[in-house]
Amino acid sequence: MTIPAEAQAGSANEIVISVSVSPDSPFVSTLVFEKSHPLIRELKRTPTIPAKISPDWIRARMKINGRDLIYDYHGQLFDVKVSRQYLLSEEMKRSLEFLVQTVEKAHFGQPVPWDKVKHSFGRMKYATVIDLETGERFSVQRRAGSRHADVQPLTRSDTHIMKHIYQGKWSWKRRAILVEVNGIFYAASMHGMPHGAGAIQGNDFPGHFCIHFSGSSTHRRIEPDPSHSLMILKASGALPQAILEAGPEELVGYFLTSLNEHDAHTLRMTTAGTPLPPFLRDIDSVRKPEEIQPSDPAAPMIVGIPVRVEYSLRSGKTGAGLWHFLLMRSAPWERWQIIDVST
C-alpha cells in the first residue's frame, strides 16, 4: 500500500516505514505507526558508532524522531545523514523486525505453490497483475495452462500497460509480479512475449503469455525455470536472504540468472559492488549448465569456479566460452561475494 507524500514525511512522534523491492523502485509501500510507540523514546537513548551504509542491501527506509534511517538485511539500523549505526538492544531489534515485517507483508506476495494457486485462479478466472518494480497494473484472464498459467490481457488498455512495462517492446525477460486473485496477492513471475493462440477479441494481444508461481514449470521441462524462480523469490521478498545464505555455486547461479534477465540490482547484490567487466556489459542473454560444479570445500575463504556458458550479445552475435568466477568472504560466517569474473 502507499500513502500520500505529506504523510510519509511523518512528525517527530511517529514511526514511518517504507519498503520497496529495490532502491530505485518507484513502487513503495509505507505505513505510519503510533505516535506513542516505545521505540521512539528508546532510540533517543541508543548510542551510535561510525558506519558505512551499503545502498544495495536496504531492507526498509524509516523516519523516526525526524531522522532518516535505513534498516538492512542484517537487522542493522543506520542514520543516513551522519553515516552512523545504532547499537541496538535485542529488544529493539525484535521491535524493529516486527514493524518491518508488517510493512513487507503489505508489499510482497505470498509464495503459494502452483498446485494450490491453480484452483483459486482457475481457467477463465480473472486477476490483476502488479509489476513489483514500477507498480503498474493490468487485468488478465487465465485461459489455459497446466504447469503454469497461460493468460491474456483483458482489453486493449491492459495490453498497452503491459507493453509499457517492457519499455514498449515484447520480451522473454522475466519480471517479478504480484497476482491478485480474490484479495490474495501471490508472488509470481511473468515474461512479456505474446505467443501461441489468443482468444480475447479486441485486446490487441497476439496470443497469450505465461505466469509462473512457486513450483511452476515450463511446457518443455518438469523442473522450475531458474529465471522465473528468481523472480518469484524477489516477488515474495525472500531473494536478499537467499543471496545472503547462498553457497558459492548458488551465488554464481544467481549471478548468471540475473545477468540473463538484465536485473542490475540482483547482480549488484551477488558481487562486492564492483562494476561489471567490460565483456559482460553487452550480454543480451546467457545460458548456464544445469549444474555448476562444486567448489573446493577445503577453501573456506576464497574459491574459484569455472563455468562453461553460451551467450548472445545485444548486436545479435553469439558465442560460448569458459568464464572464471572468483568468490571471497571475510570470515566463515560472512556471506560469499563475487569479486571477479574473467574469461
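Colleague: Which residues is Ile-243 in contact with, leaving aside its neighbours within four places in sequence?
Modeller: Trp-57, Leu-251, Tyr-254, Thr-266, Met-269 and Thr-270. Contact here means heavy atoms within 4.5 Å.

Colleague: What kind of model is this, and how are residues numbered?
Modeller: This is a predicted model, in which local features need pLDDT of at least 70 and side-chain atom pairs count only at pLDDT 80 or more, while totals for chains, interfaces and linings use all residues. Residues are numbered from 1 along each chain as its sequence is written, and side-chain values use heavy atoms, with hydrogens and water left out.

Colleague: Back to Ile-243. Where does it lie, and is it buried or exposed?
Modeller: Ile-243 lies in helix α7 (residues 239–245). Its relative accessibility is 0%, so Ile-243 counts as buried. Buried means under 20% relative accessible area, exposed means over 50%, and partly exposed is in between, with a 1.4 Å probe and protein chains only. Helices are DSSP runs of H or I with at least four residues, strands are runs of E with at least two, and both are numbered from the N terminus.

Colleague: How far apart are the C-alpha atoms of Ile-243 and Thr-318?
Modeller: They are separated by 29 Å, with the two residues 75 apart along the chain.

Colleague: Leu-251 and Tyr-254 are in α8. Which residues of α8 are buried?
Modeller: Pro-248, Leu-251, Val-252, Gly-253, Tyr-254, Phe-255, Leu-256, Thr-257, Ser-258, Leu-259 and Asn-260.

Colleague: What span should α8 have?
Modeller: At 1.5 Å a residue, its 13 residues should span 18 Å, and the end C-alpha atoms are 18 Å apart, which agrees. The expected span is 1.5 Å times one less than the number of residues.

Colleague: What follows α8?
Modeller: His-262, which has a positive phi near 60°.

Colleague: At what angle do α6 and α8 cross?
Modeller: The axes of α6 (residues 226–236) and α8 (residues 248–260) cross at roughly 95° and come within 10 Å. The axes are lines fitted to C-alpha atoms over the stretch in contact, and angles run from 0 to 180 degrees between N-to-C directions. The two helices are therefore roughly perpendicular to each other. Angles of 65 to 115 degrees count as roughly perpendicular, under 35 as roughly parallel, over 145 as roughly antiparallel and the rest as oblique.

Colleague: Which residues make that contact?
Modeller: Pro-226, Ser-227, Leu-230 and Leu-233 from α6, and Tyr-254, Thr-257, Ser-258 and Asn-260 from α8. Four of the contact residues are nonpolar, four are polar and none is charged. Ala, Val, Leu, Ile, Met, Phe, Trp, Tyr, Cys and Pro count as nonpolar, Asp, Glu, Lys and Arg as charged, and the others, Gly among them, as polar.

Colleague: Switching to α3. Which of its residues are buried?
Modeller: Met-92, Leu-96, Leu-99, Val-100, Val-103, Glu-104 and His-107. Seen down the axis of α3, they fall within an arc of 140°, so they line one face of the helix. The arc is that of the directions from the helix axis to the C-beta atoms.

Colleague: What is on the face turned away from the buried side of α3?
Modeller: The exposed residues Glu-90, Glu-91, Arg-94, Phe-98 and Lys-105.

Colleague: And α5, which residues are buried there?
Modeller: In α5 (residues 156–165), Asp-158, Thr-159, Met-162 and Ile-165 are buried. They cover an arc of only 120° around the axis, which puts them on the same side of α5. The face turned away from them carries the exposed residues Arg-156 and His-160.

Colleague: What do the buried residues of α5 pack against?
Modeller: Strands β8 (126–131), β9 (137–144), β10 (149–153), β11 (171–181), β12 and β13. Gln-167, which follows α5, has a positive phi near 55°.

Colleague: Where is Arg-147, and what is it in contact with, beyond its neighbours within four places in sequence?
Modeller: Arg-147 lies in the loop between β9 and β10. It is in contact with Trp-114, Ser-216, Ser-217, Thr-218, His-219, Arg-220, Arg-221 and Ile-222. Arg-147 is partly exposed, at a relative accessible area of 33%.

Colleague: What is the phi of Ser-83?
Modeller: Near 55°, a positive value in a residue other than glycine. Ser-83 sits in the loop between β6 (77–79) and β7 (84–86).
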